[in-house]
Every structure is written in structure tokens, then in C-alpha cells.
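I opened the notebook today to go through some strands and a bit of surface. Here is what I looked up, entry by entry.

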Amino acid sequence: SLTYSSSGLQNSETIGSVDLSSAGSVATANVAGSPYAIVASNATGGTFDAANYSISYVDGALSVTPAALTITANNASKTYGQTQTFAGTEFVASGLQNTDSIDSVSLASSGAAATAGVAGGPYAIVASNAAGSGFDSGNYTISYVDGALTVNPASLTIVANDAGKSYGQVVTFTGSEFTVGGSQSSGTGSGTGTGTGTGTVGVGTVLVGGVSLGGSSTSSSSGLQNGDTIGSVTLLSSGADATANVAGSPYAIVASNATGGTFDPTNYSITYVDGHLTVTPASLTITANNATKSYGQTASLTYSSSGLQNSE
């Protein structure tokens, strides 16, 4: 609202009105052109007679100050192992004037890298540098508000490798007899009893009690992200004991507790899939013993066996 003041009126005379105009009075007048002249003219009305005065009009100044503008980065989410790419349009602007528009905003987040882990989230999405063909940042006091980037666990499937043994043998798991996301991980192991151990993710054949547990191995990349590796998996089976019989076969090989390597389990939603331990019949040989007798005697026939298991 433009106003004026006067000095020099006589005899308590009054001025009814003065014409006031300024190029800065329109809504589109920007900060850069400020201050704008406020031009006074055509004093009239009241008890005032302009013929009695030699009037000097003095310009005023109209200052245009920046409008408040808030730019908020949108929240986002991604899966661990993915790289977050910002197009520059993921924001909301509040306070734009005169149909001004923002084409893009610089957006950055330390969580955008593929290696950003779940535990470090949510990560700030920092907005800056608003720009656009229909936008003059000089006309605004800009407040940037961070968004939040959430990293969700990647899906990971760990499958216990199938295995086989003969009745009476003991299977010892080294902890490396598993497949990650369709890729086999294996090592070597032997001994008696059941249990767990450590292993490496790599290529090879698993031998347990002389029994091959796996085939060839390929890359462990599927399911695992960023070159992560798993050191070992706990593997247990009720069929691993020497007394596990053929009738109960196949026995589940239960995988759990993936750990070690460069792997952080908080970055994954892990599904464990059982393998199968098949018990095949052991070889047993029964031989009729040679015998002699005298004529007229009744023969007592005997036999011997080899291959019996578990003190049977």
C-alpha cells in the first residue's frame, strides 16, 4: 500500500489525494530491481487549492524483499546393493510466487551408494541448488529440508547342499556345504561326529567320510551384493550320525546362522532352505564257513559276516 506525506500546507488546509505509482508495485517486480521509485503527482481535493502553491514532488522508494520458500526433498527407499540415482525432481516446493517454477534441485545422500548398509539408515537426502527457467533464486529466501533414504535388506537364499552317505558312516559338516542364491559353495571335510565349522566360499568338491557332497561351484554373486562373502553356515542333520538308518532317509540338512567373510547379516533378509541327506544301504557280505565231518556224523554249519555297522 503506497502512502505519502506533505509539508508546507498553510491555513490548516488539507490535500484530498495524491496519485502514487511505482514499477515495483506489481507482484512480478523482483528483488534485483529494488528499490523502485514511488512517483507522486496530481495532488488534489481536500481544502487545498493547487494554484496557491508551487508544488515539488519527491520520489519515495519501494523495496522488494525475498519471499520465503521451503524446498523439501522427498523420502525414498532402496534395497541394499542398489545404487540410488536422483533425477533432481524428487522434491516439494512451498512458497513459490507468480507461477514461478523450479525445474530441478541437486539431491545427494551418503546412502545412495550400493554399499550403504541397512544399519546406517535412514540416510539424509540433502537438497540444494534449486534452478529453473521460470525461477530466480534471488527473489527467495530458501530453506532446504532433508528427506530420508531408507535402505531395506536384500533378499538372500542360502540352501544346504544335498549329500549322501552309506549306513554306518558319520557325516561331519565343515560349514561350507551350502549354495548361495543358486551358486554352490564348498570345501573339504572329514572325521567323526556331527557339528559345525568354518569354510570358504569358493570352488571345489566336499568329501565327508569318503562321500562326495557337491558338484562344481560357480560364482557366489547371485543373492549376495557388493562382492560380499559368507564365511560359514551352521549345518545340522539328524541323519549325520552313524546310526541313522535307511528307512528314515532322506534326512533334512538344516542351515542357519550364516556368518563371517565380508558379510553383514543385517543387510539381508535371509531365507534358509533345507538340503537332503540320503542314507544308502551299507555293503554286507555273509560267507558260509567251510566245514568237515566224519561219515555218520551230523554237520554243524556256521557262517561269518563282514560289513556290519554300529556294533550290530
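Before the first entry, a definition I kept at hand: two strands pair if DSSP finds at least two bridges between them. The model I am reading is a predicted one.

**Entry 1**

I started with Ala-76, and found Leu-149 in S10 standing opposite.

A reminder to myself: strands of a sheet pair through backbone hydrogen bonds, in either a parallel or an antiparallel way.

**Entry 2: the sheet with S1, S2 and S3**

Here I found an open sheet of 3 strands, ordered S1-S2-S3, with antiparallel pairing. Strands S1 (17-22) and S3 (60-62) are the edges, pairing on one side only. The twist averages 35° from strand to strand.

How many bridges join S2 to S3? I noted 3 of them, with S2 spanning residues 36-44 and the two strands running antiparallel.

**Entry 3: Thr-280**

I moved on to Thr-280, which sits in strand S20 (residues 275-280). Is Thr-280 buried, partly exposed or exposed? Thr-280 is partly exposed, because its relative accessible area is 36%, and that class lies between under 20% for buried and over 50% for exposed.

I also checked what Thr-280 touches beyond its neighbours within four places in sequence, and listed Lys-165, Ser-166, Tyr-167 and Val-246. Gly-164 is 116 residues away from Thr-280 along the chain, yet their C-alpha atoms are separated by 7.4 Å.

**Entry 4: a nonpolar patch**

Which residues make the nonpolar patch of about 450 Å²? I wrote down Leu-284, Ile-286, Tyr-303 and Leu-308.

Of these I followed up Leu-308, which lies in the segment after strand S22 (303-306). Leu-308 counts as partly exposed because its relative accessibility is 43%.

Terms used:
Residues are numbered from 1 along each chain as its sequence is written. This is a predicted model: local features need pLDDT of at least 70, side-chain atom pairs count only at pLDDT 80 or more; totals for chains, interfaces and linings use all residues. Side-chain values use heavy atoms; hydrogens and water are left out. Patches are made of residues with over 30% relative accessible area and no salt bridge: like charges are joined within 9 Å, nonpolar side chains (Val, Leu, Ile, Met, Phe, Trp, Tyr) within 5 Å. Accessible areas come from the Shrake-Rupley method with a 1.4 Å probe; for residues, only the protein chains shown count as cover. A salt bridge is a side-chain nitrogen of Lys or Arg within 4 Å of a carboxyl oxygen of Asp or Glu. Helices (H or I, at least four residues) and strands (E, at least two) are DSSP runs, numbered from the N terminus. Buried means under 20% relative accessible area, exposed over 50%, partly exposed in between (1.4 Å probe, protein chains only). Contact means heavy atoms within 4.5 Å. Axes are lines fitted to C-alpha atoms, for helices over the stretch in contact, and angles run from 0 to 180 degrees between N-to-C directions.
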